[in-house]
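Student: I am new to this structure and would like a close look at a single part of it. Please pick one residue, describe its setting, and then connect it to the rest of the chain.

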Amino acid sequence: MANAKRAGLAGTPMSRGEVIGGFVYLPFYIFLLGWLLGLLLRALGNPLSASSANTVYFLVNFLIAALIFRRWLIASLSAAARQFWNFLQAAVLGFAFYYALSWLLAWGLGLLGWTVANPNDAYVSELAGGSARWALVCTVLLAPMVEETLFRGLIFGNLRPLSRAAAYLVSALFFAAVHVWQYAGALGWRGTLLCAVQYLPAGLALGWTYEKSATIWASVLVHAGINAVAMGLLHG
């Protein structure tokens with residue numbers, strides 16, 4: 001019962017060890033791994049291309065997340081199979097919810113005349129130019145699993161019993177921040193804020209999908225679909 005209360009959802013709860021391991025790993029994922037990988041590659045004379053280094057980064061994060069949360073991820077997959085129609089309904093509605101929110105946001109920003117080029121899109125496009133296949137694997141398969149486990153499973157799931165509003169707000173803000181903080185120096189505060197706002201529809205829709213389905217794999221599926229469509233638009 002304590003675990004179920006900590007998860008704040010009807011689905012499979014995380015163990016205490018998974019929660020502790022996840023919060024220890026979170027700053028490593030956001031701040032440290034990219035920096036450490038960069039130091040290592042520079043020490044080795046930069047033997048990898050940007051695309052290859054990005055693939056290593058996502059593979060390492062995937063393996064660490066799978067190791068920490070392996071029991072919870074497997075149990076959540078079993079829960080999704082047992083409640084397949086609820087899982088499917090949540091995924092379809094979550095996907096539609098994301099595009100509805102994105103349209104509303106674009107409409108509102110357009111009325112205000114606020115626009116900014118998202119440097120993360122340019123970065124993904126550059127990586128795909130180096131190796132489209134591995135960029136697709138990282139963006140559509142590896143990143144959704146890692147990010148949903150951390151931002152929805154860990155942050156949203158542990159805040160949900162305390163405050164539903166806080167669960168949505170904090171998980172969405174963390175999700176936005178992890179995609180834009182490294183560009184803050186170049187964009188300035190206004191550009192950084194506008195870029196971060198672009199990720200709020202996904203953060204809110206993915207949180208809703210997880211809450212609705214009570215399994216992280218529904219939000220992983222929606223996240224993968226969003227990224228797949230974005231990759232197609234960027235390189236179509």
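**A buried alanine and its surroundings**

Tutor: Ala 176 is buried, with a relative accessible area of 3%. The model is a predicted one, and the values here are computed from it. Buried stands for a relative accessible area under 20%, so 3% places Ala 176 in that class. The residue sits in helix α8, which runs over residues 164-180. Leaving out residues up to four places away in sequence, Ala 176 touches Ala 196, Tyr 199 and Leu 200. Of these, Leu 200 belongs to helix α10, which covers 200-213. As for a residue at a distance, Val 60 is 116 residues from Ala 176 in sequence, and their C-alpha atoms are 21 Å apart in space.

Helix α10 also holds Thr 209. Thr 209 is buried, with a relative accessible area of 0%. Neighbours within four places aside, Thr 209 is in contact with Ala 90, Ala 91 and Gly 94, and also with Ala 218, Ser 219 and Val 222. The phi angle of Ala 214 is near 60 degrees, a positive value in a residue other than glycine. Ala 214 is buried as well, at a relative accessible area of 15%.

Asn 46 is partly exposed, with a relative accessible area of 49%, whereas Ala 214 is buried.

Helix α7 covers residues 132-159 and includes Val 137. Val 137 is partly exposed, with a relative accessible area of 23%. The C-alpha atoms of Val 137 and Leu 59 are 9.8 Å apart in space, while the two residues are 78 apart in sequence.

For the chain as a whole, the secondary structure amounts to 11 helices and zero strands. The radius of gyration is 18 Å, close to the 18 Å that the globule rule gives for 236 residues, so the chain is as compact as a globular protein of that length. The C-alpha trace spans about 50 × 50 × 30 Å along its principal axes. Of the 236 residues, 43% count as buried; Ala 176 is one of the buried residues. Among contacts between residues at least 6 apart in sequence, 80% join residues at least 24 apart.

The accessible surface of the chain comes to about 12,000 Å², and 72% of it belongs to carbon and sulfur atoms. There are 13 positive and 6 negative side chains, and the centres of the two sets lie 10 Å apart.

Conventions. Residues are numbered from 1 along each chain as its sequence is written. This is a predicted model: local features need pLDDT of at least 70, side-chain atom pairs count only at pLDDT 80 or more; totals for chains, interfaces and linings use all residues. Side-chain values use heavy atoms; hydrogens and water are left out. Helices (H or I, at least four residues) and strands (E, at least two) are DSSP runs, numbered from the N terminus. Buried means under 20% relative accessible area, exposed over 50%, partly exposed in between (1.4 Å probe, protein chains only). The radius of gyration is taken over C-alpha atoms; the globule rule is 2.2 Å times the number of residues to the power 0.38. Contact means heavy atoms within 4.5 Å. Accessible areas come from the Shrake-Rupley method with a 1.4 Å probe; for residues, only the protein chains shown count as cover. Lys and Arg count as positive and Asp and Glu as negative; His and the chain ends are not counted. The place of a charge is taken as NZ of Lys, CZ of Arg, CG of Asp or CD of Glu.
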